[in-house]
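Here is a short briefing on one structure. Take a look at the model first, then read on.

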Amino acid sequence: DRLAAATTELFVPRGEIVFQRGDPCVGVHAVVYGQVKLAFVTPQGGEKVVEIISPGFTFGEALMFMGKPYIVMAQALSDTMLLHVGRDAIFHGIEHDAGFARRMLAGLSRRVHSLMADVESYSLQSGRERVIGYLLRQEADATEGETGWTVRLPTSKSVVASRLNLTPEHFSRILHELADRGLIAVEGRDVRILDAQKLRGHTG
């Protein structure tokens with residue numbers, strides 16, 4: 001009841017900014033439906049996507065605990081519903097409910113693990129390996145057909161490219177190369193995996 005009383009529903013149209021870098025962080029956002037992009041933006045308008053937050057996941061916990069303002073901007077990639085839970089109610093829940101505290105720690109640990117995996121990927125893997133790994137990780141949400149299974153990119157190719165630390169041009173070249181080798185077929189945002197086993201071996 002305390003958490004519910006401290007929760008605000010936010011309906012954010014596609015393209016609208018949820019918060020800017022430097023805004024105060026006074027709670028946690030949870031995505032109910034839609035998608036939110038977290039990104040760094042340069043003074044010249046360049047952008048580096050840090051994370052794409054999907055339904056069921058939260059963001060802002062670490063900065064809330066640190067009492068720091070946001071270090072990234074957040075933008076809705078589609079029409080999105082968010083729940084914003086105020087800081088004081090979360091702190092009260094942590095102090096009085098060990099199970100709630102463990103779940104908060106689990107969420108933060110997942111985020112740290114994901115960021116460490118990103119650092120490993122950017123440091124040790126080629127662009128091709130990053131793209132192949134990304135496509136194969138989407139298998140759980142893919143649609144199976146007679147000629148393989150189809151991955152629908154969750155957002156535009158340019159946003160996915162930035163998330164993988166690639167330029168849009170490099171990302172497109174890798175997709176074309178894999179298509180030319182008969183491993184995938186690309187139709188807009190749909191990528192059909194024609195031979196997952198060969199795709200897994202096509203790295204380096």
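Two strands count as paired if DSSP finds at least two bridges between them. The model is predicted. With that in mind, start with the strands, then turn to the helices and the cores.

**Strands**
- Strand β4 (residues 36–41) and strand β5 (residues 47–53) run antiparallel, joined by six bridges.
- Within this pair, Lys-37 has Ile-52 in β5 as its bridge partner.
- Five residues separate β4 and β5 in a hairpin. Gly-45 in the turn has a positive phi of about 95 degrees.
- β4 also pairs with strand β7 (residues 73–76), in the antiparallel sense, over four bridges.
- Opposite Leu-38 stands Ala-74 in β7.

**Helix packing**
- Helix α5 (residues 127–137) packs against helix α7 (residues 168–180) at an angle of about 70 degrees. Their axes are 10 Å apart.
- Angles of 65 to 115 degrees count as roughly perpendicular, and α5 and α7 are therefore roughly perpendicular to each other.
- Residues of α5 that meet α7 include Val-131, Ile-132 and Leu-135. On the α7 side, Phe-171, Ile-174 and Leu-178 are among them.
- By class, this contact has seven nonpolar, two polar and two charged residues.

**Cores**
- The largest nonpolar core has 22 residues. Val-131, Leu-135, Phe-171 and Leu-178 are among those that touch the most other members.
- Elements giving two or more residues to this core include α5, α7 and β10 (148–152). α5 gives the most, with five residues.

Definitions and conventions. Residues are numbered from 1 along each chain as its sequence is written. This is a predicted model: local features need pLDDT of at least 70, side-chain atom pairs count only at pLDDT 80 or more; totals for chains, interfaces and linings use all residues. Side-chain values use heavy atoms; hydrogens and water are left out. Axes are lines fitted to C-alpha atoms, for helices over the stretch in contact, and angles run from 0 to 180 degrees between N-to-C directions. Angles under 35 degrees count as roughly parallel, over 145 as roughly antiparallel, 65 to 115 as roughly perpendicular and the rest as oblique. Contact means heavy atoms within 4.5 Å. Ala, Val, Leu, Ile, Met, Phe, Trp, Tyr, Cys and Pro count as nonpolar, Asp, Glu, Lys and Arg as charged, and the others, Gly among them, as polar. A nonpolar core is a set of buried Ala, Val, Leu, Ile, Met, Phe, Trp, Tyr and Cys residues joined through side-chain atoms within 4.5 Å. Buried means under 20% relative accessible area, exposed over 50%, partly exposed in between (1.4 Å probe, protein chains only).
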